[in-house]
Amino acid sequence: MTQKIDVEKIIGFTGYKKGDFSVCLGCKICASVCTLNDFSMHANPQGLLLKIFMGDDSIDHDPLIKNCVSCYRCTDACPWQIRVPEVVRALRESLKLSSPFEKAFKGSISIWGRVYEPYIFLNAIGFLIKNGYLKHLMKWTEYISFHLPHKIKRI
Amino acid sequence: MNVIIIGGGISGISAAKILLKEGHRVTIIESAEEIGGLMAKIANCRVGFKTFFDEIKDRQHLTIIKGKKIEHVERKNGIFKLKIEEHGEIEAERVIIATGLTPYDPSDIKGKRVFTSLEYDSIIDQRNEKLPEDFNKIAFILCVGSRSKEYPLCSSVCCSYTIREIKWTLMRSNPEITVFYNDLRLFGQEFFLEKLFREKGVRFIRTNTRYFEEDEAGVTIRYYTDGEIKEERFNYAVLGIGLRPNQGLLQLSKLFGFSLNEYGFVKEVEPLTADIEGVYICGGALEPMNIKDSILTGFGAGLLASKGKEKVYEVLRENERYLYSEKEPELDIDESADTYLLYAGTENPFSSMFYEYISSRFIDFAKKLIQSGKKVYVVTRNFVSPSYSELEYEEIKRDGVIFINLEEGEYLEKKNGMVVIGGGKRSLSLTVDRIVFMDDLISDLKNKEFLSFYRSEPQLRWSPTKWSRERFHVGFIRHPRAKRWEGREIIGALSEMLLDREEERVIPQVHEDRCSGCGSCKNACPHSAIEIISVPKDVAIFGLLSNTLNPVARINSNLCMGCGLCVSTCPSDVIDLPAA
């Protein structure tokens, strides 16, 4: 059985050391302030961290994976200032959970350093149609631009 | 000899007490307008401090300078010359740093209904005739301002004072009380208080929160427990604030030239000794500690300042027979397995006393195991690593030991070869090769007489190491705790012995001619100070003289505390307390 959760890999994505996350006291202050809990989503960042460290595979149902907006309220309240949103993003990356739109968005940023709408449109067309996002197309066309942006200079 | 004590709190006064007894001239410099420090701010400790201080306040050789700061310090030929504002110069051979602790100020989360434990204490102060009208539902939130990135030590007293604040609250009123905690770091008999309060309906929830929504009528607290988020209204929320090193220490270290450690406390090179000659440390200048330990270290620093290290060794040799210590048991686990689960949890309040000891052992075990590449889980119902021990706890977490905190109602069980955490909503299961239970490790220790358990908690006593006049407990048997305390405790105990010799006591007298030796006084004595001995006695039977041995009670004056229980128990009134 291959494990879905590879702690080292996930921590590697965040750019921090493992110890920066494993100092967690388990106090659940993060859960008390989490924005998702304003909508009763029962999100618990501490539980998510524990699951990662234990290699628990049932992780993709966690409300944070789907909904975390990286507001860093948990980090702000955490006594150890643990950067949970970073872990969530790394998890999405390693579980390949990011939506085609997200991928296209990131791809556009990494190529041009800005959002280039035609690129996103072409790459995520299936996703946009499937989820009914095309109804926003009219609004989008107001500021859409078709000239090709410069490639970013990598220093 | 002249000795200067900086800080007029409980540890400073304790140091003054032993120094005055040894015949030195003592000057206490207090920066506040009144002496007493943090202890005198607590309503129920105020009187205690006063009685303690009243014993020495009229001594001729004691000078107290209040509300003044030290401006300049000069040292020549081993003599400190201190210049004090609006007071002039004073000289001293030795200096004791007893600056105490500063309570953390959580100004960012405080409000009208969310306040600190010290503010709460002034509400339930018995000098206030009435409690607020809406005193119905109160939340206590622990670990505010300690165990964090900014200040990684555990303040080690917040859990204890919270449990006492609950006691004082319940003595006056009957509100619904909820305690939000991370670990309940109680000591000795306090675990019995916890059990009592649980039975009385005080809720303990193992979670913490920073979500307070305050309005005119109360405060809404949101917290996460047992897999779901909950919101609840309370009338008041009390923040169990931690204790930080005194801010004045930085200035003092510059003036005197001793060094501080990275957390802002005075660096201790030997027990109670700073890194420059003639400067000793006690109380909260060392680390966060409770009142009893402040007294203990105050006594110790006083003795060191009075006699110096070498002479203290002499005192130790003379009095060694009164020191009672026991070797701590050697606990070990075999290292043959690959995955370990250490379970720090017990239901019995007596065993709970060993949480601190077992936690420190578990830290050692886990460190050893994780370094040899094993996987280690620690499942905790409670994990007690106060003050500097918290750093070791943090370190093994960084090293990769996984801590699983059991919430209220959860338990550990074995199911199909797996360890399952049951009782709650979360489904967590582990496969481990070896489980180490806390209860198994301490099973041999249960019938020992630990001082911190039997004699000293939760009532405040002025005798931190005394078991009886012939036995002063130090080390493991006093309080199973970290090694750095051993030296401090021995010096403190020696000091306490010297003080104890001077104390006046009332010893009951037995009228041996009338005593029948029934032994009821012996059974009643809580300190085992009464023995039944046989004395020869001439008895006349029908005019004949015969010699017999008569049993009579005899009181060992060294063990007797003068409580008078034997006097009231004696069925034939042969024991008297001498009139004062």
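Reader: Which residues does Gly12(B) touch, not counting residues up to four places away in sequence?
Author: This is a predicted model. In it, Gly12(B) touches Ile5(B), Gly7(B), Ile28(B), Ala98(B) and Gly298(B). Contact here requires C-beta atoms, placed from the backbone, within 7 Å.

Reader: What makes Gly12(B) count as buried?
Author: The cut-off is 20 or more other C-beta atoms within 10 Å. Gly12(B) has 31 C-beta neighbours inside 10 Å, so Gly12(B) counts as buried. Gly12(B) belongs to helix α1 of chain B. Its C-alpha atom is separated by 7.8 Å from that of Ile96(B), 84 residues apart along the chain.

Reader: Why is α1(B) called largely enclosed by the rest of the structure?
Author: Eleven of its twelve residues are buried, so α1(B) is largely enclosed. Among the buried ones are Ile10(B), Ile13(B), Lys17(B) and Leu20(B).

Reader: How do you know that the span of helix α1 of chain B is close to the expected one?
Author: Helix α1 covers residues 10-21 and reaches 17 Å from its first C-alpha to its last. The expected span is 16 Å, at 1.5 Å a residue. The two values are close. Just after α1(B), Gly23(B) takes a positive phi of about 85°.

Reader: Why does the radius of gyration of chain B agree with a compact globule?
Author: With 580 residues, a compact globule would have a value near 25 Å; chain B has 27 Å, which agrees. Along the principal axes, the C-alpha atoms of chain B fill a box of roughly 90 × 70 × 60 Å. Buried residues make up 44% of the chain. Of the contacts in chain B with a separation of 6 or more, 71% join residues 24 or more positions apart. Chain B holds 15 helices and 32 strands.

Reader: What makes a set of residues a nonpolar core, and which residues have the most contacts inside the largest one?
Author: The members must be buried residues of the nonpolar types, joined through C-beta atoms within 7 Å. The largest such core has 170 residues. Ile96(B), Ile97(B), Ala237(B) and Leu342(B) have the most contacts inside it. Leu342(B) touches Phe362(B), Phe365(B), Ala366(B), Val376(B), Val378(B) and Val436(B), leaving aside residues up to four places away in sequence. In soluble globular proteins, nonpolar side chains tend to be buried together.

Reader: How many residues of domain 2 of chain B are in contact with domain 3 of chain B?
Author: 19 residues of domain 2 of chain B are in contact with 20 residues of domain 3 of chain B. On the domain 2 side, α5(B) gives the most, with three residues. By class, that side has nine nonpolar, four polar and six charged residues. The centres of the two domains are separated by 26 Å, taken over C-alpha atoms.

Reader: How many residues does each chain give to the contact between chain B and chain A?
Author: Chain B gives 24 residues and chain A gives 22. β22(B) gives the most to the chain B side, with four residues. By class, that side has eight nonpolar, eight polar and eight charged residues.

Note on methods. Residues are numbered from 1 along each chain as its sequence is written. Chains are lettered from A and ligands numbered from 1 in the order in which they are written. This is a predicted model: local features need pLDDT of at least 70, side-chain atom pairs count only at pLDDT 80 or more; totals for chains, interfaces and linings use all residues. Two residues are in contact if their C-beta atoms, placed from the backbone, lie within 7 Å. Helices (H or I, at least four residues) and strands (E, at least two) are DSSP runs, numbered from the N terminus. The radius of gyration is taken over C-alpha atoms; the globule rule is 2.2 Å times the number of residues to the power 0.38. Ala, Val, Leu, Ile, Met, Phe, Trp, Tyr, Cys and Pro count as nonpolar, Asp, Glu, Lys and Arg as charged, and the others, Gly among them, as polar. The expected span of a helix is 1.5 Å times one less than its number of residues. Domain bounds come from an automatic or database domain assignment.
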